[in-house]
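This briefing is for a reader meeting the structure for the first time. Please keep the sequence and the model in view while going through the points below.

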Amino acid sequence: MLIQTLAEAAAAAAPQNKFGFVEALQAGGFISYATVTILGIMSFGSFFILFTKFVEQAKITGQYKSIAAFWRAPTLKEGVTKLEKNSAWRQIVDDGITAEEKAAKLVDSSEAHDWLHGSLARSEASINARLAGGLPFLATVGATSPFIGLFGTVVGIYRALIAIGLAGSASIDKVAGPVGEALIMTALGLLVAVPAVLAYNFLQARNKRIAELLTGFSTDVLANIASHGAVKPAVAAAPAAKPAAPAAPKK
């Protein structure tokens, strides 16, 4: 009983922390909650875009492995079956075949070539635009979230100055809460901005690499159509099938 009484007395006498994160939000009121909510939405959106775009990019680069099998086919219409449906690479080939059929109706051969080139360029641009979706949001978050945190910081400092004016002295118990709230808002703004900027640069670099592959593939498709199948990029031969193991002799 004596030990329990002493423990309860020590717990009651211990000073309570009134300057934690939750306490700072409660002291800041509506502005603090609104700032944290906006930064939380920005952070969630940034990570969502990072993971979804990374999966999309990985899928496109994985589908590129079937390009060699596509070029080993005798014609584009036969080779397109080697490509995965709804893939970026099949979209370029399908658009090229459609453009070739329409270009045959043009009288001027130079205009027909320009039509083919423009059709493949539009197809390539639509794929790049789809890959770039979401990146403007990351750029916006990286550029604006520090200022949103700074807004919370300014409000916290303003509240600290008001507390000093009302108290008539800059005692630590009057300014610790508002100043702590201000520092928290600054840290949250940076915590949201830095991952968004890193994600933007990471995804942008991968998009550039995919754009290079798309441009090369589109150029090869255009050359193949313009040459009526005579021009093809050099690809490795298909791996030879392994010979079947000889059957075991019957006893």
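Leucine 203 touches Ile49, Leu50, Lys53, Phe54, Gln57, Leu135 and Leu138, not counting residues up to four places away in sequence, where a contact means heavy atoms within 4.5 Å. The model is predicted: local features need pLDDT of at least 70 and side-chain atom pairs count only at pLDDT 80 or more, while totals for chains, interfaces and linings use all residues. Residues are numbered from 1 along each chain as its sequence is written, and side-chain values use heavy atoms, with hydrogens and water left out.

**Leucine 203**
- Leucine 203 is buried, at a relative accessible area of 0% (buried means under 20%, exposed over 50%, partly exposed in between, with a 1.4 Å probe and protein chains only).
- The C-alpha atoms of leucine 203 and leucine 50 are separated by 7.5 Å, although the two residues are 153 apart along the chain.

**Helix α3**
- The buried residues of α3 include Ile49, Leu50, Lys53 and Gln57.
- Helix α3 covers residues 30-63, and its end C-alpha atoms are 49 Å apart, which agrees with the 50 Å that its 34 residues should span at 1.5 Å a residue (the expected span is 1.5 Å times one less than the number of residues).

**The whole protein**
- The protein has 9 helices and 0 strands.
- Of its 251 residues, 31% count as buried.
- Among contacts between residues at least 6 apart in sequence, 75% join residues at least 24 apart.

Key:
Helices (H or I, at least four residues) and strands (E, at least two) are DSSP runs, numbered from the N terminus.
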